[in-house]
Amino acid sequence: MKRLKKISLVASLIAASQIQAAGRDYISVVGSSTVYPFSTVVAERFGKSTTFKTPKIESTGTGGGMKLFCKGNGVDTADITNASRRIKESELKMCHDNGVNEVVEVLIGYDGIVVANDINSHEFKLTRKDLFLALAKEIPTEKEGELVANPHTMWNEVNAELPAVKIEVLGPPPTSGTRDAFVELAMEGGCKKFPWIKETKSADKSKYKSICHTIREDGAYIEAGENDNLIIQKLQKNPDALGIFGFSFLDQNSDLVKGSTVDGAEPEFETIASGEYPVSRPLFFYVKKAHVSEIPGMKEFLNEFTSEKAMGEEGYLTDKGLIPLDADKYMKVKENVMNLKNLEL
Amino acid sequence: MNNTDLVKKSLQKRYLKERIFKTMGFVSIATAILFLLILLTDIIGKALPAFSQTNIELQVELSEEQLGINANSSEDDIRNADYRKVIREALLGLFPDVTKRKEKRELYSLTSMGAEFQLRDTVIENPEFLGTTQTINFLADDDVAGVVKGNIDRNLPESDRRVKNQKLGWIETLEANGQINTTFNWQFFSSGDSREPEMAGIKGAILGSFFTLLVTLALSFPIAVAAAIYLEEFAPKNRFIDFIEININNLAAVPSIVFGLLGLAVFINFFSMPRSAPVVGGIVLSLMTLPTIIIASRSAIKAVPPSLREAALGLGASKMQTVFHHVLPAALPGILTGTIIGMAQALGETAPLLMIGMVAFIVDIPQSVVDPSTVLPIQVFLWADSPERGFLEKTSAAIMVLLFFLIAMNAIAIYLRKKFEKKW
């Protein structure tokens with residue numbers, strides 16, 4: 001009896017791996033957790049409106065997604081990977097080394113990163129320089145070339161126009177793509193305002209990065225985990241704190257939290273789309289060209305994702321907080337997808 | 001002073017000590033219960049709205065010319081007709097003064113994105129509806145549901161409110177006309193995941209958990225019981241067996257994520273088994289539950305009195321017969337309890353499944369152990385991470401479902417123990 005059970009189990013396991021080898025009838029997507037909310041919406045509509053199976057979408061982070069995507073060309077690897085930044089040269093090389101020679105890049109739109117606090121609390125009119133001076137581990141002094149451990153504890157010490165509130169910022173941990181983007185766009189943007197630091201960039205790139213990209217660790221910046229809903233709940237409990245998260249969470253919770261202006265621009269749909277709001281980043285996905293003809297529904301899925309009604313200015317992805325491309329860029333993306341243009345960096 | 005006096009003198013102090021200890025124990029239990037109550041009321045309070053579904057009743061004109069199909073059209077044509085337009089026209093018919101593009105977009109967002117598919121399925125099921133006007137209950141958008149359920153406060157100033165005055169006005173008109181109703185949310189138990197809170201269901205995750213646990217049980221139960229019987233009844237007492245024992249105990253304390261990494265390296269990368277499939281999840285979880293079941297089974301077997309074995313052997317039974325006819329049945333309640341507790345542990349586990357791709361958005365309901373699927377605790381995690389407010393209640397509701405299964409499994413364990421337990 002027991003032996004029979006075991007034999008049948010082993011048999012079913014072998015059968016399971018066989019099924020996988022024979023082919024896959026659904027699209028497999030991996031990658032960024034920032035693109036995940038958009039990718040899933042398209043996948044769901046695609047599954048409901050066509051006879052194809054609904055694509056499976058894993059949230060593995062941009063870097064993790066690239067690794068899975070570039071592992072090889074077999075059907076057991078992912079067809080599409082989402083990314084909240086452009087593919088790196090090293091990653092594309094990894095793809096090529098593993099036989100994934102043809103990759104199509106699709107730019108889907110932009111995402112803003114907002115600094116927000118409780119709706120009934122102070123108004124913050126921030127600049128990128130303020131953010132850098134408040135959150136960097138070391139900041140420059142009056143004297144050129146000198147750095148001191150960040151002495152600021154109150155916002156009005158950073159900038160006299162800001163409210164006299166303790167600096168307390170809840171933000172994502174270093175593993176998060178949102179954190180990478182915030183550091184790169186907001187902190188570095190403010191850091192560059194000091195001419196001598198800007199000059200170090202060409203002279204000593206690693207020093208420049210360590211000045212601009214290192215966030216203080218003395219408790220003023222609080223790592224609040226990857227869950228943005230949690231940050232919003234904490235902001236309500238603590239009206240003095242600021243939080244850093246993606247624009248879609250501000251959009252959905254506009255009755256609970258309000259976004260601070262950065263460099264004079266309100267974090268709004270229009271300002272992010274026009275590029276006036278400085279802390280925004282492009283979102284991409286990458287397609288394995290070899291799989292387009294192999295996996296059923298790939299072409300149709302790409303068509304759905306890049307259609308006017310999804311990605312367009314009034315598409316359903318904008319309802320979910322995606323900042324759409326302008327008409328020119330959109331046409332170009334659409335054309336690249338139609339021709340499945342191979343990406344070359 | 002004699003001894004009796006000494007005892008009497010210390011008596012009061014000893015009684016006091018006992019009373020203090022008893023009070024402390026009582027306070028500990030009361031605190032634990034209090035925390036449990038806070039947790040449960042919070043979860044249940046947040047989850048309750050998830051079990052009601054808000055609908056908007058609309059009169060839709062299913063004109064054959066508009067849809068370009070009739071009752072004799074092929075199913076493909078019926079499938080591809082533009083139902084969205086029909087619903088939009090029904091909404092416009094109710095509020096004819098809406099003309100601006102942006103306002104229209106707002107108006108159309110009163111019904112759920114799923115409404116058009118709902119209408120499509122209704123027409124496919126009842127082709128005779130074509131050419132008639134029907135009153136159909138459409139699923140309302142999560143924002144509308146939020147207003148109706150009171151999750152979005154109507155009295156807030158407009159600038160702070162997610163649903164603006166105009167939309168609120170439409171909702172209130174619909175309410176006054178009696179076109180908004182709430183029903184029990186069966187869909188929550190009958191559909192898979194969705195990115196729209198009003199359409200999201202738990203069935204996919206429940207079945208995913210079921211298939212995963214099925215594989216876990218089928219693998220870990222026979223192996224663990226066989227291992228326990230061998231170690232207790234047949235194994236010689238030597239250093240090698242001691243070494244195995246120590247390792248089993250250590251294995252029970254290994255963090256579960258390690259098993260996930262193992263699963264990724266061995267089953268997915270080496271044996272190239274499918275990612276996100278319950279079969280891999282089940283194998284990984286059975287590695288995790290094996291030590292738990294082995295340890296429980298061994299102590300159950302050890303608790304069977306030696307007299308039973310001696311009697312069987314004395315009557316001429318072989319060792320094998322003794323074990324399978326007498327020892328194992330007597331130890332079974334303990335073994336089953338251990339197994340169920342191990343399974344309950346596996347049901348609530350997420351960490352190892354992260355590594356093998358089960359944290360994924362999966363809409364289709366899994367049909368077998370190789371279909372991509374997710375499990376209950378991961379569904380909780382995914383919903384908790386979603387920006388839409390409507391998922392807050394879904395998260396709590398999913399936790400309730402998970403707790404229900406855990407309680408049910410533990411109740412079965414207690415029942416089995418009580419029913420088959422023997423006093424020696």
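This is a predicted model: local features need pLDDT of at least 70, side-chain atom pairs count only at pLDDT 80 or more; totals for chains, interfaces and linings use all residues.
**View 1. Where chain B meets chain A.** Across the interface of chain B and chain A there are 21 residue pairs in polar contact, both partners at pLDDT 80 or more. A polar contact here is a pair of N or O atoms within 3.5 Å; within protein, one must be able to donate a hydrogen and the other to accept it, and residues adjacent in sequence count only if both atoms are side-chain atoms. On the side of chain B that touches chain A, the elements giving two or more residues include helix H5 (101-108), helix H13 (278-302) and strand E4 (360-361) of chain B. H10(B) gives the largest share of that side, 4 residues. Helices (H or I, at least four residues) and strands (E, at least two) are DSSP runs, numbered from the N terminus.

Residues are numbered from 1 along each chain as its sequence is written, chains are lettered from A and ligands numbered from 1 in the order in which they are written, and side-chain values use heavy atoms, with hydrogens and water left out.

**View 2. The chain B and chain A interface in numbers.** In this view, 46 residues of chain B are in contact (heavy atoms within 4.5 Å) with 48 residues of chain A. The two chains bury about 4,200 Å² between them, 51% of it on carbon and sulfur atoms; buried area is the accessible area (1.4 Å probe) that two parts lose on being put together, summed over both. The interface also holds 5 salt bridges, each a side-chain nitrogen of Lys or Arg within 4 Å of a carboxyl oxygen of Asp or Glu. One salt bridge to look for joins Asp319(A) and Arg105(B), whose closest N and O atoms are 2.9 Å apart.

**View 3. Two domains of chain A.** Chain A is divided into domain 1 (24-111 + 281-339) and domain 2 (112-280), with bounds from an automatic or database domain assignment. Their C-alpha centres lie 30 Å apart. Here 11 residues of domain 1 of chain A are in contact with 14 residues of domain 2 of chain A, and the two domains bury about 960 Å², 57% of it on carbon and sulfur atoms. Asp111(A), Arg281(A) and Ile323(A) supply 58% of the area that domain 1 of chain A buries against domain 2 of chain A, more than any other three residues. Between these domains the count is 0 salt bridges.

**View 4. A salt bridge between two strands of chain A.** Arg281(A) pairs with Asp111(A) in a salt bridge, the closest N and O atoms being 3.2 Å apart. Because Arg281(A) lies in strand E13 (residues 280-288) and Asp111(A) in strand E4 of chain A, the pair ties together parts that are 170 residues apart in sequence.

**View 5. The kinked helix H15 of chain B.** H15 (residues 319-347) of chain B has 29 residues, yet its end C-alpha atoms are only 37 Å apart, short of the 42 Å that a straight helix would reach at 1.5 Å a residue; the expected span is 1.5 Å times one less than the number of residues. Look for a kink of about 50° at Leu332(B), shortly before the proline Pro333(B). The bend at a residue is the angle between axes fitted to the seven residues ending there and the seven starting there.
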